[in-house]
Number of protein chains: 2
Amino acid sequence: MREFKRKSRILLVDDNAEHLRGIKELLTLETGYDIAGTTTSANIGINLVKKYRPEIVIMDINLPEKDGLQAIQEIEKLGLGTKILVLSGYDDPDLIYRAMKIGANGYVLKTMSSAQLVYAIDEILAGKYYLPSALSSRFFEHFQQSFREECEASDEENLLTYLTSREEEVLELLTQGNNYKGIAGKLFISETTVKTHVNNIFQKLQVNDRTQAVLYALNNGFGKKIRAKISA
Amino acid sequence: MREFKRKSRILLVDDNAEHLRGIKELLTLETGYDIAGTTTSANIGINLVKKYRPEIVIMDINLPEKDGLQAIQEIEKLGLGTKILVLSGYDDPDLIYRAMKIGANGYVLKTMSSAQLVYAIDEILAGKYYLPSALSSRFFEHFQQSFREECEASDEENLLTYLTSREEEVLELLTQGNNYKGIAGKLFISETTVKTHVNNIFQKLQVNDRTQAVLYALNNGFGKKIRAKISA
DNA sequence: GATTTTCTCAATCTTTAGATTTAAATCAAA
DNA sequence: TTTGATTTAAATCTAAAGATTGAGAAAATC
């Protein structure tokens, strides 16, 4: 890997000019990377990405004019395959989670050693993702938490459980945007029968019309039984 | 940490009896952990968790009778705070992703060194999550991919972009289950005006009724702009 | 075997939804 | 300033949705 180092262009974005100089010095002295540019502005940074096409951007996440996360998204949107290493002062789980979610390839703290920074850059340039183990732990806490909340929300007193199997069929066709005639045709029953089912569904779900029924179904995990079997 | 080791109970679940013996020997010889039990069956494993309440379960993920992922979910549902370390023969990104998603605290390959296994157990017992860097990379690939797909799906020719801001307001109220009167009241405009807006929405979204409009909105990322500002 | 639930269907009626046309006021852009 | 887009509104009409009652047949449950 050492032989490619001098070819890799790096862009530095940090609102602290001193910190910027420090990192630049570190990287030019200790590695063979080519610092394509440095800037304290997120907007200028995005333009520099377009101009110099760096392999990797090392970006501070709390910038004055523009949110660092938003800047990451915009760089991702360019579709240049630019790698992004977040350099942050905060080990906030939610921040880590969001940064990784929108496309960061790594996240390290400003307090870490210079050797660790160089290692992170090497890993990311090699096509990997890099999170120090402490931050990785915090990420997964948040990651699992977000899924636990989804499940719990659809647990307590789900009125969908009171539906009969036929009513479930009718409701599914409702959630596909069918009207009475469409449902009747697909289930090979009369339109009046469908009306009966739909009215029973309304009473059981305590709603007044089909739109509310469909919304209740979607918000309370209707159809997740099938998806759960496939995806979990 | 060393002084707590002997107190921590471990449960081993692996369909390969030989492998089971090997791990048990390794852990009893090289560490002070207490092997609470070993089994080749996922169902028995779940019962053993209830009985012995181990701090950690080391589980093979491809079991004969029951899916390992399902077993993890059931152990999680017990709410005993049992930590789970997945021991798998596969470094499939999707498998890693799903295991971590449903509650695993770590994922290591069977090919790894015994020292790494012991390290992983220590980390998890200390309340952390553990993924070897190679698997961590694969996890994040899949993690980001899943979000990219969500966005791309709602990109190409999104009819929602043709809506005016007022129509967006009306549509949002539709997606909350309001009827004409409700929308008119909330926007302080007449019911007939709402009808006009709704009809324009139908034409722009190429649908025939409000349920289809709501479904189109939900399936094409309506409201994500607002959520994006908050959560990303 | 009796009971209950579920599924089926019809008739009737009221309300809401949706289509269509026309049009005035506002506002931004050409 | 005029053009075009947006927001507002009314009138009218048809179609669909929703509420209610009643009732027969089949299947499950007791």
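These legends describe close-up views of a predicted model, in which local features need pLDDT of at least 70 and side-chain atom pairs count only at pLDDT 80 or more, while totals for chains, interfaces and linings use all residues. Residues are numbered from 1 along each chain as its sequence is written, chains are lettered from A in the order in which they are written, and side-chain values use heavy atoms, without hydrogens and water.

**View 1. Helix 8 packs against helix 9 in chain A.** Helices (H or I, at least four residues) and strands (E, at least two) are DSSP runs, numbered from the N terminus. Helix 8 covers residues 180-187 of chain A, and helix 9 covers residues 191-205. Their axes lie 8 Å apart at an angle of about 105°. The two helices of chain A are therefore roughly perpendicular (65 to 115 degrees).

**View 2. Residues at the contact of helix 8 and helix 9 of chain A (heavy atoms within 4.5 Å).** Helix 8 of chain A brings Tyr180(A), Lys181(A), Ile183(A) and Ala184(A). Helix 9 of chain A brings Glu191(A), Val194(A), Lys195(A) and Val198(A).

**View 3. Five strands of chain B form an open sheet.** The order is 2-1-3-4-5, with parallel pairing (at least two DSSP bridges between two strands). Strand 2 (34-39) and strand 5 (106-109) of chain B stand at the edges; each has a single partner strand, so one side of each lacks a neighbour in the sheet.

**View 4. Strand 1 (residues 9-13) of chain B pairs with strand 2 of chain B.** Five bridges join them in the parallel sense. Val13(B) stands opposite Thr39(B) of strand 2 of chain B.

Note on methods. Axes are lines fitted to C-alpha atoms, for helices over the stretch in contact, and angles run from 0 to 180 degrees between N-to-C directions. Angles under 35 degrees count as roughly parallel, over 145 as roughly antiparallel, 65 to 115 as roughly perpendicular and the rest as oblique.
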